[in-house]
Every structure is written in C-alpha cells, then in structure tokens.
Amino acid sequence: MSRTALRICPLCEATCGLTLTIEGSRVTGARGDRDDVFSKGFICPKGASFGAVDGDPDRLRAPLLRKDGELREVSWEEAFDAVAAGIRPVVERYGANSVGVVLGNPNVHTMAGALYPPVLLAGLGTRSVFTASTVDQMPKHVSSGLLYGDANAIPVPDLDRTDHLLLIGANPLESNGSLCTAPDFPGRLKALKARGGTLTVIDPRRTRTARLADRHIAIRPGTDALLLAAMAQVLFAEDLVDLGALAPHVQGLDELGSAVREFTPEAVTDACDVDAGTIRVLARELAAAPTAAVYGRIGSCTVPHGTLASWLVDILAVLTGNLDRPGGSLFPQAATDRTPRPAGPSHGFSLGRWHSRVSGHPEAKGELPLSALAEEIDTATREGEPIRALIVVGANPVLSAPDGNRLDKALGSLDFMVSVDPYLNETSRHAHVVLPPPPPAQSPHHDFAFNTLAIRNQVRYTRPAVPLEPGRTAETEILARLVLAATGMHGADPSAVDDLVIGQSLGKAVKEPHSPVHGRDPHELAAQLTGISGPERRLDMMLRLGPYGDGFGVRPDGLSLDRLLAHPHGIDLGPLASRLPQPLKTRSGKVELLPGPIADDLPRLREAMTRRPDGLVLVGRRHLRSNNSWMHNVPALTGGSNRCTLQIHPEDAERLGVRDGAPVRVKGAGGEVTAPAEVTDGVRPGVVSLPHGWGHDRPGTRLRHAAADPGVNVNQLLDGSLLDPLSGNAVLNGVPVAVAPVTPSVTEKLTALT
C-alpha cells in the first residue's frame, strides 16, 4: 500500500518542495508539492528522479574498513574505532595542521553538513581546510567580505520585481540558479519578459538561458571584469551615477571613479571582443531601467579576475542605486540567521591571516585553495609538516580539483584517510575508512545555507520521509561521532556534540544586550527546546533566537520548531526588503566601495586589456540533469543532452579538420583527454567547451552505470597553477588548450579494412 510524504529536494540550490510516493520503505515517485510556499509545485528532472537517486543500488549500506589492502564491510563501532586510531596519533605527533579537512558541495545540501563540520574544524584546530568553494564561488564571498565586512552577506537579484536583469557567466536554465535560490528560475525569467522587462545574457556560449534573452553578448572567456569595469566607467563618464537612498551608506565613491577611469569601452573592446558601442548601451540601459539587477555566477567566478568581476557586479548595483532596493539586489534574511545586531562599525573582513605551506597561498574565509591540496600532501618543506591524514566529507576532489592525477597519487600516500560518502568513488576509494550516510529520504531537511540566498524569505523543514533501515546510521550521528573520534572524545554519546553547541550558543546569547534572551538562564532556555533529536533541538534554538523567532516566549507569534512543524508546506515570511545598514560589518559601518585588496589588484586587470589569446580557450558547462559528479550513476539522469562531448564552433572544426562525433584530443597545461567532438554554433569561435564532473574511469570504484560511460575529466587539463590571487579560486574558464583530431593508428586502419 502506497503513501505520500513531503520532502525538500536536496539535489540542487533551488530547494523545491516534493511530494514523494512511498511503497513500504521505497520511494517510487516524486512530483512537485503544489502547496509548497516557495516552489509552488515546480519540479525539474533531478527532483522527478528523486526515487532513482535515493534507491541507487550502488549506494554503500555499511561502513568500509581497509584490511590487508582491501575495503571490507565492518560494524559502525569498528569503523569509528579505526577513525580514532588513525587521526589522533597524527595530531599528537605532527600537530593539528597535519590533518586536512575537505568539504564538498553536498555538505550544503544536508542538515548534517551544515551543523557538524564547523564543530569538527573548531575541535581539530587545523588550518588545512579545503572546500568546493575554491573551485566555484569563493570570489563572491571575498568580494562581499571586502564590500560589506561579511563574506556571507551576498545580495541576490530580486527576480520577481526587477525590470531589467543582466546575467554574466550564468546559465540558470541549466543550473537552476546558484548563490540565488529560486525555484522555477526559467518561469521567473519568462515572467520578467512577460511584464515588459529586459533580459541580457553575457556568455561565450549560446546557452538555453541566452536563447531566452533579449540580447546575447558572446564575450571572450575570462574578460568579464574588463567588460563590467568599462560599464562602470561609462556610468561615471556620462554622469549616470545615481546612488539614491544608498548615498549615506557608502564610502569611496570618488576614489572608485578614479580607479575605473582607464577602463574605457575602447580600451577593453579588443580584449573582450565586444564593441565599444555595445558596452555603452549596456551601461545606459542599466542606468535607465526603473529597477535593475546584475547577477554573475560560476562563469565570472572561475576566471583570472574572479574576485574583481564579483566586486564589479555589486558595484554596478551601487552606482545605479539598485543595491538594497526592491527590484534590484537585496540581502535575504533567513529564519536561522543570528539575532540582528544594531547597525554600526564592526570587525571587518581580512584576507591572508595564514598561508599554505608549499606555495604560500593566502587563506580566504578560513580556507586554502583546493588546487593546493595535492602539493600540501606530497611536498616536503621546512615550513611545517605535510598533510598526513585527511577527513573528506561529501567531496570528490579527484574529479573536481585541477590535476586529478597528481591528487590521486597523493591520496594514496596518506597515513590515514576517512571519507563520509554514500559511494565508493574516485576519491573515497583511497580511504582507510568510508562512512556512508543513508539515502536522502531517510534524513531530515532544512536549508540553512540556501535560505540565506533565497529570493523570498521563507522557512521549511521536513522530517525523514522513510525510517532508517536496519544497520543504517543517521548522517547527523555519523558526523557527530566523527567529531568525537577526531577530537579525542571517542566513545562519548553523540548527543554530547549537540549539547555542547546548544550550551555555548545560549551562553553567548544571554550575554548579548540585543538578544531577546539577554540576562536569562541558559540552562532554563535549553530545557525549553523541543524536538526528537539533537539536530532538531539545535534548529529550534536557531529559529527562536533568529530574526523571526519567538525569543523563547518573548514574541508569542514568533517562530519555533513546533510552529514550523504545524506548517508542513512551509511558512512564507514575505518578499525581500531593504536592510542596510544592518547587514554591514565593515570597520567603517558603510559599504566600502574600493577596499585595499581590490585597489591593489586593479593593475593586474589593466594589464589584461592588452592581452588576446592566439589559440583556443576552454570553458566548462553544466547539465540540467546532473550536479557536478554526483548523479552520473543514475540512469534516469544520463544520456540525451547530458553527454561528455567537446563543443567546438564549425569554423574552428573546419580549420582543424575535426568532424562531428569523431574523437578529438584536447591538451592543456595539466595533461590531455580525448572526447567526441560536438560541432555546434552554440559556442563562439575560438572557444571549446567540456562539461564538468565526468571522468569515471578509475579502477576501484563502485559506480557501475557511471563507469559504463565514464566521459573525461575536464579538470585534468589544468595543472592547478592558475588561481585568482585574492580568493584562491581555481581558474577553470578561459584557459588555453590545443585541439586536434585523433589520427587512427596503423593497427586501427588495418582493423577497419578487415
């Protein structure tokens, strides 16, 4: 007999509400939840395939422990005994920094991934921290930190009310949006056009999003910051700057005008391959629109000037008066945000508080570049110990970081490695212990991170749709026990981690004058928390202390876990609203338009005006039916357009002798790969494109479907030396490559003849 259950989809950043059909303990169907306060029934192919993802037979069902060189199933007790025995001796002998931690993209899609890694890092005290952010969005965090004093204060486009939307390096019709949580992004763009608004897309590929646009500009890859700087220059030169209500909240306007003066449209046109007249039109239209928003994403982040491009996206919003304005770009207010503090000067944001051991890369937001992970393991220096043990949580850096071959070898040299992963993949195959979380239907869900980026304030929570299977351990308990094993408290009750966090959080809250619980007894407050688990009690605490919370009884109509559970489709908290100056944490208490690190990096951007690549350059691409390397093992999400091909323009194909469908060899600084050619005018001349997340051909994995059509790892074309210096983000787009058709060998020719 079947039943239904609600679930928030964890498979991308859109966070759509689902209605699952369940037979016994198996998810047999998924459709959009029409009553969901945020997604209102929208669903994409990933959400529709939730049951196939959840029930993948290759998901690990029990912990694995390496014995005599082989990974074998063991009990949870034996697995955590091995974790404690593997990590603690390394810490005690070589120091905390000899233990590295790698956090992958899936962490922000689970409650456990949001709640426990910060406790793990604090308990270990290691500075050897690497995450997927430095192959993705770290430039946006750094630019926000420098502008607003808070690396997590990221304004998002007000999609539902804007009159003019400029997208650069973004393809939300394929990605469903990123750093902008918006169910049914395609429908919202169509609604923008239907109400008479304008959509402009700047992208070297004619993507699905670009085909929807009123204007598509095929920029040369990697020159996003130059184009945006020229637009800013036009606004100053033509007296189009109008800060409006922002004026009291910014500083450095005159200095900014001087800093961009040299970036005229004529000066950047050769590098960008966008004519000066078009650049002026873009700036004028942005200034003339009643409301306007600029949105830049991975294409403008993973380039040599990613932080400058991210900074300029917000600068254009400021100069046109569209920052912190309905219809422009606004700062979301999540239900689990900390209690809003009074506006005023704060501690600011700093870069380079420490540096990587080998190449001296500065930290950003407490992280080192993922590109540096291999050298931090395999290279000895006089500056401290190399990484000897590694904790990997929901990450597959062998495929997601540059030069996976080097990292693959480095992982094999570690003294100890533990991986929290549902699969034995290209990275976890090296682990001494693999701890598999249960399928998503067996886990609770609340979006801590994505609600801070949502285009509408709302709050939703779903309990597990299916009970834990026998032998399974909740992901929250796995990570809590990992914290205990790694920090010298192995054997303690996992609930001790949640109790510790609750005690510390309430202890701080009662001491803060602006807190709703100031002066109260933290033990009395802790006793009031509801929930059937430690994670639920923590969620209850965060809701009650948050901006919409009941303040532990101070505001009877405020949020709590009990109230949220009474609204299974979520609670709508209203449209985004102007919030400045409250979100600012800069030392001045204002938006600092020209921070020192930005000003210091502008000469490098000026040098880029004179550069123009002679050969082909590479860009990546995403598919609607995948998310990085996660989902290539699910038959329902592969095939069709989700293929690993090298897209190349017909002019380049003819010049190089490349035939559609024939194999081509692509060579970069980090190595070479061979992939089928896809000749298409969907990429501009001089540009080729390979998708991200493929390369499932390494031995020792248990990904049967993915291995049958492995594709190639685009990141193997990179050697990891190209980074955005401010953020440490890998340069993945606009990198030079050589392309040639694969010439059949003599043996292959003879075989074909016979």
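Close-up 1. Four cavities of 30 Å³ or more are counted. A cavity is a set of points on a 1 Å grid, laid over the protein atoms alone, where a 1.4 Å probe fits but cannot get out. Lining residues have an atom within 4 Å of a point. Grid points are joined across faces, edges and corners, and a volume is the space filled by probe spheres set on the points. This is a predicted model, in which local features need pLDDT of at least 70, side-chain atom pairs count only at pLDDT 80 or more, and totals for chains, interfaces and linings use all residues. Residues are numbered from 1 along each chain as its sequence is written, and side-chain values use heavy atoms, with hydrogens and water left out.

**Close-up 2. The largest cavity.** This cavity holds about 730 Å³ of space. Its lining has 44 residues. Gly169, Ile298, Gly299, Arg621 and Arg622 lie nearest the centre. At least two lining residues come from each of helix 7 (172–175), helix 14 (298–301) and strand 21 (616–619). Helix 7 gives the most, with three residues. Helices (H or I, at least four residues) and strands (E, at least two) are DSSP runs, numbered from the N terminus. By class, the lining has 15 nonpolar, 19 polar and 10 charged residues. Here Ala, Val, Leu, Ile, Met, Phe, Trp, Tyr, Cys and Pro count as nonpolar, Asp, Glu, Lys and Arg as charged, and the others, Gly among them, as polar.

**Close-up 3. The second largest cavity.** About 90 Å³ of space lies in this cavity. It is lined by 13 residues. Lys140, Ile154, Pro155, Tyr295 and Gly296 lie nearest its centre. Strand 8 (156–157), strand 13 (293–296) and helix 15 (306–319) each give two or more residues to the lining. Strand 13 gives the most, with three. Eight lining residues are nonpolar, two are polar and three are charged.

**Close-up 4. The second largest pocket.** A pocket is an open set of points with protein on both sides within 12 Å along at least five of seven lines. The volume of the second largest pocket is about 470 Å³. Its lining has 20 residues, and Gly222, Pro304, His305, Arg611 and Gly734 lie nearest the centre. Helix 24 (596–608) and strand 26 (735–741) each supply at least two lining residues. The lining divides into 12 nonpolar, four polar and four charged residues.

Close-up 5. Helix 13 (residues 276–288) has 13 residues. From first C-alpha to last, helix 13 reaches 18 Å, close to the 18 Å expected at 1.5 Å a residue. The expected span is 1.5 Å times one less than the number of residues. Ala276, Ile279, Leu282, Ala283 and Leu286 are buried. They cover an arc of only 125° around the axis, which puts them on the same side of helix 13. The arc is that of the directions from the helix axis to the C-beta atoms. Buried means under 20% relative accessible area, exposed over 50%, and partly exposed in between (1.4 Å probe, protein chains only). An α-helix has 3.6 residues a turn, so residues three or four places apart point the same way. At the start of helix 13, a side-chain oxygen of Asp275 comes to within 3.1 Å of the backbone nitrogen of Gly277.

**Close-up 6. Helix 19, mostly covered.** In helix 19 (residues 475–486), 11 of the 12 residues are buried. Among them are Glu475, Arg481, Leu482 and Val483. Just after helix 19, Gly488 takes a positive phi of about 85°.

**Close-up 7. Asp403 and helix 18.** Asp403 sits in the loop between helix 17 (397–400) and helix 18 (404–412). Asp403 is buried, at 15% relative accessible area. The C-alpha atoms of Asp403 and Asn713 are separated by 9.2 Å, yet these residues are 310 apart along the chain. In helix 18, Gly404, Leu407, Asp408, Ala410 and Leu411 are buried. Their arc around the axis is only 165°, which puts them on the same side of helix 18. The face turned away from this buried side carries the exposed residues Lys409 and Gly412.

**Close-up 8. Asp562 in helix 23.** Asp562 is found in helix 23 (residues 561–565). Asp562 counts as partly exposed, at 43% relative accessibility. Its side chain makes a polar contact with the side chain of Thr530 (3.4 Å). A polar contact is a pair of N or O atoms within 3.5 Å; within protein, one must be able to donate a hydrogen and the other to accept it, and residues adjacent in sequence count only if both atoms are side-chain atoms.
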